[in-house]
2 protein chains.
Amino acid sequence: MRMSAGSGSPAPILINGSWRPARALETFTAFDPSSGRPLPGVYPVSSFADADEAVGAGRKAAGDLALVSSAVLADFFDLFARGILDRGDELVETAHRETALPAEQRLRTSELPRTTGQLHQAAESVRDGSWRQATIDTKFNIRSVREPLGGPVVVFGPNNFPFAFNASAGGDFAAALAAGNPVIAKGHPSHPGTTRLFAEIARDCLEETGLPRASVQLLYHLKPEDGLRLVAHPGIGATAFTGSRQAGLTLKQSADSAGRLIYLEMSSLNPVFLLPDAVRERGLEIAAELFSSCSLAAGQFCTKPGLTALLDNDDGRAFVSAVVKHFQSPPSGFLFSRNGREAVEAAVENIRRLGAELLAGGKLVLEPGYRFENTLFRISGERFLRNAGELQVEAFGTVLLLVCAESEDVLLHVAESLEGNLGIGIYSGSAGGRDEAIYDRLAPILRLKTGRLLNDKMPTGLAVVPSMVHGGPYPAAGHPGFTSVGIPPSFLRFTALRCYDNVRPDHLPPVLRDPNPTGRMWRLVDGEWTREDVP
Amino acid sequence: MRMSAGSGSPAPILINGSWRPARALETFTAFDPSSGRPLPGVYPVSSFADADEAVGAGRKAAGDLALVSSAVLADFFDLFARGILDRGDELVETAHRETALPAEQRLRTSELPRTTGQLHQAAESVRDGSWRQATIDTKFNIRSVREPLGGPVVVFGPNNFPFAFNASAGGDFAAALAAGNPVIAKGHPSHPGTTRLFAEIARDCLEETGLPRASVQLLYHLKPEDGLRLVAHPGIGATAFTGSRQAGLTLKQSADSAGRLIYLEMSSLNPVFLLPDAVRERGLEIAAELFSSCSLAAGQFCTKPGLTALLDNDDGRAFVSAVVKHFQSPPSGFLFSRNGREAVEAAVENIRRLGAELLAGGKLVLEPGYRFENTLFRISGERFLRNAGELQVEAFGTVLLLVCAESEDVLLHVAESLEGNLGIGIYSGSAGGRDEAIYDRLAPILRLKTGRLLNDKMPTGLAVVPSMVHGGPYPAAGHPGFTSVGIPPSFLRFTALRCYDNVRPDHLPPVLRDPNPTGRMWRLVDGEWTREDVP
């Protein structure tokens, strides 16, 4: 994506149920990552006036949405999922063009079903309502429940999941709307055509189900300063951002200073620790797994392992050799943008400058398209510790740093030096073996550094289940108490906890009245979880 | 409280289990609010070195506390509650001297039982463990639970509840420690002797139960700039602050910029809306209730109603006359400090300057002690709306602004103009009467402005039950998704959501293993709340 004067009429934006021209002074085009050439289609960089209008319409929609039954909201999600499937070919084709992600293995057979699956799960959770944690204390007649925020949620979609994290169809979209908040999608400018298709389908489904027109609105792009104003807008309910640390922290500062909620899922190295018996027993197998996880989508997963720590012994060195072989293969995919490739180049240069030894790759691959060699570095534990902060910079590509620790103590110090991460894995040897003693020292350190601790498994895959935590301590995320993946817990980010104190029965929302509103909703009544009516 | 050179040896601070002299260049004394005279006892204003040492010790204690069984942690709370009762006379006497709150009706018979009750409730919740929301998805073997933050929680206690919100014994203290985090109490400088007594009892109970020594530490006071550094310290887990908006927002900015969690319970007007039939049917009764709520503890409740809105009709004018009579009584209590009295004076001057009509009081009361007349203002709805922002400034005393709206529409506009509040009440007439139509228009507006909506009840009283919400939208609180009162939900502020993905059974914390760890803990297993073992 680059700014350009563009040619042709810019694509319309979706405001308050209508597709209309943006008030924009600039336009942009998307690029085909496999060729580096601009794609057809010109998109507007909205002025702040567009964003402001979306907030106004979204705020009104928030009030109207509060009057919609959960059954109707759930129907919207199911209908939207079916509408997406109906236009699956078009979506896959468009996203493939804009991202160069494999059309079949990735987009059609993996990411599309995940996306529609998330929407169906959202429908189910909305229908059920248990996620709202309705709490009733009969003795005092006080009743609390999680309610929508009262204003639209701005969703900044990332570049790397054009479907599953799309600003107008993905996880944050589903979570914000399922919790009852209108969404203002700020699409990622690398795949505007894909985002537009989703918004088209969503708009039709809003109309069909009778949801408020401004429940889903779309802006393709904003100038950075207008993005900062938007997240601080007094009319919004919250912001959800998935993307780089730099952009995320800038938005956070703006939102924080205005007292606006913002949830951030930022960069992460997702370190993997390999204990000595694991390396000895199944080093070759782990090396293959590690490379596969690291190179998935050309290393552009937010859960990609970017650092692997192990002991520098004979087994460790054999393991490193095995990993080198994998990394010597040619890059299997494309980076999403020219900027992305430049960022990988800068990250690689940074790692080299800080004294890591280059074992494979290290250079960009010449035209066509945006590619970078699979790149592997090795550094000793002691040397890593001297620059641990600077070495923990995400390289969004197939780039891995092997930290070979001189001793178990050094391995523990490496663990202690880590920043907050989304995921951290530990591989250990056969149960009851010598690795257990190291595990017991290492795990308590690593546990505090991540939202998700894995055993014997690479961090890239994320199951969308209630127990999933995709989040973690700062700066992996903005708040360690929430997850951005997992339905329904990801909804909780977009709710206010509200209580009704001595409120008359007729004035209570149905969810808090004595009869169970659906006959199956879990509620915490006088300290007991129950599906019964309040007696 | 004023800074002074002081005389005598300053009181020791509690760091890492030992009472030791502070590293302080300044000292302060507390004052008797009923006389304005300094009390015996000199207390240190700690240097940042004291705070830094407390963080270091607290961080280590956080690791040790994670190894303590919940049974032992629960025992600490019960023991602490009993220890407080044992020294109840001394506590009541000291707090009465430092705050001038009534020793019997308030401190001994109301606030002390509430405080020990909170601690016993915390013990019960810790033993039970259900609040941790353990979530297990067996198909994927992913398991999540709420865990302590990994560093100490800094608790800034307010001046107005020397027991129930005390930094070393109150609600935030209990919530942070019950969630498994060590506490660094930053006592309120208006009642250092009371805070010291609690810390003494807590320290003995830590020793007796074998909890880590640094689980409770105490600093009496910090310079403002050192407070800002402390809440941004990378070693802390979070901060809980209860107090003024000005101090809270300054701390928030510092914590936010460092990516540190901070929970704030700031000022609030807690408006009460009186619908016309309610005023007609029981105006006299409501007038008495309103004055009683407003003047409780000389108006120094964070839930004190500071604004009451009603229609300007015959019934409304009769109601105003009734309220005036109540406010003409002499002030029944003392303000906590000279600064507090100055702040009330400034707030009253502000309301007057903005065109409200003074109906009663308005002046400070001369010596002895810190007193201010019960003060009542009236303003028309239209006039209120012209300066709605500036008129929403908390006056921490018996000060009330009556907003007399010209019409129902004006009443609704007044509602729309409100900032975030901790509590908002609506009084309406007999069920099924004419007020219902107004209620239906008013309640959706007010619902978004507060964490707690009340019917036919003044906001001052807070039951400590799971459904209580003491919080609300910014700027009443920092995050609308949490409550600072209510056990166990208030614990959730001080937790990280963490998952175990494919983690081996032996590596799981007991709370997530297949057998129910207590036989009675509620866990969400495959989408169902259950107390059974995982099959």
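1. Let me start with a loop: B:Q133 is found between α4 (103-128) and β8 of chain B. Helices (H or I, at least four residues) and strands (E, at least two) are DSSP runs here, numbered from the N terminus. B:Q133 is not a glycine, and yet its phi is positive, about 55°. Most residues other than glycine have a negative phi, and most peptide bonds are trans.

2. Some housekeeping before going on. This is a predicted model, where local features need pLDDT of at least 70 and side-chain atom pairs count only at pLDDT 80 or more, while totals for chains, interfaces and linings use all residues. Residues are numbered from 1 along each chain as its sequence is written, and chains are lettered from A and ligands numbered from 1 in the order in which they are written.

3. Now chain A as a whole. Chain A has 15 helices and 26 strands, and its C-alpha trace spans about 75 × 65 × 40 Å along the principal axes. For 535 residues, a compact globule would have a radius of gyration near 24 Å, and the 24 Å of chain A agrees with that. The radius is taken over C-alpha atoms, and the globule rule is 2.2 Å times the number of residues to the power 0.38.

4. Two prolines in chain A deserve a look. The peptide bond from A:Y474 to A:P475 is cis, with omega near 5°, and the one joining A:I487 and A:P488 is cis too, with omega about 10°. A:P475 sits in the loop between β23 (450-455) and β24 of chain A, and A:P488 is likewise in the loop between β23 and β24.

5. On to the sheet that takes strands from both chains. Its 12 strands form an open sheet with mixed pairing, in the order β17(A)-β20(A)-β21(A)-β16(A)-β15(A)-β22(A)-β23(A)-β24(B)-β9(B)-β8(B)-β25(B)-β26(B). Pairing asks for at least two DSSP bridges between two strands. The edges are β17 (357-360) of chain A and β26 (528-530) of chain B, each pairing on one side only. Direction ignored, neighbouring strands are turned by 25° against each other on average.

6. Within chain A, β20 (residues 375-380) and β21 (residues 399-405) pair in the parallel sense over 6 bridges, with A:S380 opposite A:C404. Helix α11 (residues 338-353) of chain A lies across β17, β20 and β21, at about 20° to β21(A). Axes are lines fitted to C-alpha atoms, for helices over the stretch in contact, and angles run from 0 to 180 degrees between N-to-C directions.

7. Between the chains, β24 (residues 495-501) of chain A runs parallel to β23(B), joined to it by 3 bridges. A:D501 stands opposite B:L454 there.

8. The interface itself: 60 residues of chain B are in contact with 60 residues of chain A, contact being C-beta atoms, placed from the backbone, within 7 Å. On the chain B side, β24(B) gives the largest share, 7 residues. That side has 31 nonpolar, 18 polar and 11 charged residues. Ala, Val, Leu, Ile, Met, Phe, Trp, Tyr, Cys and Pro count as nonpolar, Asp, Glu, Lys and Arg as charged, and the others, Gly among them, as polar.

9. Lastly, a helix pair in chain B. α14 (residues 408-416) and α15(B) pack at about 15°, axes 9 Å apart, and are therefore roughly parallel (under 35 degrees; over 145 is roughly antiparallel, 65 to 115 roughly perpendicular, the rest oblique). Residues making the contact include B:L412 of α14(B) and B:L442 of α15(B).

Conventions. Contact = placed C-beta atoms within 7 Å.
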